[in-house]
Amino acid sequence: MGFRCGIVGLPNVGKSTIFNALTSGGAAVANYPFCTIEPNVGIVPVPDRRLERLAEIIRPANVIPTTIEFVDIAGLVKGASRGEGLGNQFLGHIREVDAIAHIVRCFEDENVVHVDGKVDPLRDIEVVETELVLKDLETVERKLAEIERRAKSGDEKAADEHEIGARLRVHLTQGRLAQSYQRTRETAPIIRQLHLLTDKPVMYICNVGEQDLQAEPAVLAFVRAHAAKEGSRVVTLSAKIEAEIAELPPAERDTFLKELGFAESGLERVIHEGYTLLDLVTFFTTGPKEVRAWTVRRGTTAPQAAGIIHTDFEKGFIRAEIMKFDVLGQFGSEQAVRDHGLLHIEGREYIMQDGDVVHFRFNV
């Protein structure tokens, strides 16, 4: 399990360049085959240096990273929710994503025409958010029509659902995002089932000029303030630089990044912010056949994590034998960890932690 991220933005903001750089670059980083499900969907491995260390210790036949799926949406324009441009036909593709990466243009370039004449990140954000809100409003309208049909057939729950939907419709009509709609324990599941676009966590990826990587342009302050109000994350990168990194052999990338003054690539920064945004953690399984990374939401129990590997593991869960990555990395072998009494036996209530190296014991 990884996570799915839908990429949105206006035309000419560097969206396709970033998508291509992230996907092709990410695939090469981990020597993992780039997979294209559709022309606008790419699956790439999540770079994790801990996997490299585990592979040194365990020496497995295979090393398998967890993955992230990027869904690239055609550049949105005003009216996309009504079918203008190409955006409308792709908006449905991000219904099931976990988060939205909103690419925002923060660079000046006379050779790249801005769709609205001049660079204005907050205006661009508003245009895209408006189209997403309108698309959500369309979804709610369809749901209300369905509820009304159910009410006529005598469905007792329809009246309550209709009231929730009607209030949400008013909220969206006011141009407000679904994520700001106040909900209760009872209403939250009903709203979640709608998979509204503006109810998803958002990460703003600010595409800046190469010269702005060390000193942020003034417009970024406005984007950060806007993101802070929403509880969103902000990542800055240069599409041009990321494209250059993607073209380099893996062995040369670290050197290139160090020359630029960076410890990690834009892909890695996007993933780290995405994990923070979605509150995700990574655990590892090891053995002679493979060392593998798995991604789960924080708060996942040991049996639930085992079930991600195989449903039988959850059904027949007995215990989890847990080592911490830092401890295993320090001692250099699983046996040494055991000898020092640092292997922990955990039961059904154990909450998985980032960096756990686990052997699940089960009986089917």
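**Before selecting**

This is a predicted model, in which local features need pLDDT of at least 70 and side-chain atom pairs count only at pLDDT 80 or more, while totals for chains, interfaces and linings use all residues. Residues are numbered from 1 along each chain as its sequence is written, and side-chain values use heavy atoms, with hydrogens and water left out.

**Whole chain**

Select the protein chain and colour by secondary structure: it has 14 helices and 13 strands. Helices (H or I, at least four residues) and strands (E, at least two) are DSSP runs, numbered from the N terminus. Of the 364 residues, 51% are buried; buried means under 20% relative accessible area, exposed over 50%, and partly exposed in between, with a 1.4 Å probe and protein chains only. Among contacts with a separation of 6 or more, 69% are between residues 24 or more positions apart, where contact means heavy atoms within 4.5 Å.

**Residues 202-207**

Select strand β7, residues 202-207, in which six of six residues are buried. Which residues point one way from β7, and which the other way? V202, Y204 and C206 point one way, M203, I205 and N207 the other, and all are buried.

Strand β6 (residues 99-105) runs parallel to β7 and is joined to it by six bridges. On this side, I103 has I205 as its bridge partner. Strand β8 (residues 233-237) also runs parallel to β7, with five bridges, and here N207 is partnered with L237. Show helix α7 (residues 219-230) as well: the chain passes through α7 on its way from β7 to β8, in a right-handed β-α-β crossover. Right-handed here means that, with the strands pointing away from the viewer, the path from the first strand over the helix to the second runs clockwise.

Select helices α8 (residues 239-247) and α9 (residues 250-260), whose axes come within 9 Å and cross at roughly 150 degrees. Axes are lines fitted to C-alpha atoms over the stretch in contact, and angles run from 0 to 180 degrees between N-to-C directions. The two helices are therefore roughly antiparallel, a label for angles over 145 degrees. To find the contact, show I241, E244, I245 and A246 of α8 with R253, F256, L257 and L260 of α9.

**Two positive phi values**

Most residues other than glycine have a negative phi. Select R59, a non-glycine residue with a positive phi of about 50 degrees, in the loop between α2 (49-58) and β4 (62-64). R59 is exposed, at 67% relative accessibility. Next select D279, with phi near 60 degrees, in the loop between α10 (266-278) and β9 (280-285). D279 is partly exposed, at 36%.

Is T301 buried or exposed? T301 is buried, with a relative accessible area of 18%, and sits in the loop between β10 (290-297) and α11 (302-309). Beyond neighbours within four places in sequence, T301 contacts R348, Y350, I351 and M352.

End at E321 in strand β11 (residues 317-324), which is buried at 5%. Draw a distance from its C-alpha atom to that of R361, 40 residues apart along the chain: 7.7 Å. Leaving out residues up to four places away, the residues touched by E321 include R338, H344, V357 and R361.

Methods
Two strands pair if DSSP finds at least two bridges between them. Angles under 35 degrees count as roughly parallel, over 145 as roughly antiparallel, 65 to 115 as roughly perpendicular and the rest as oblique.
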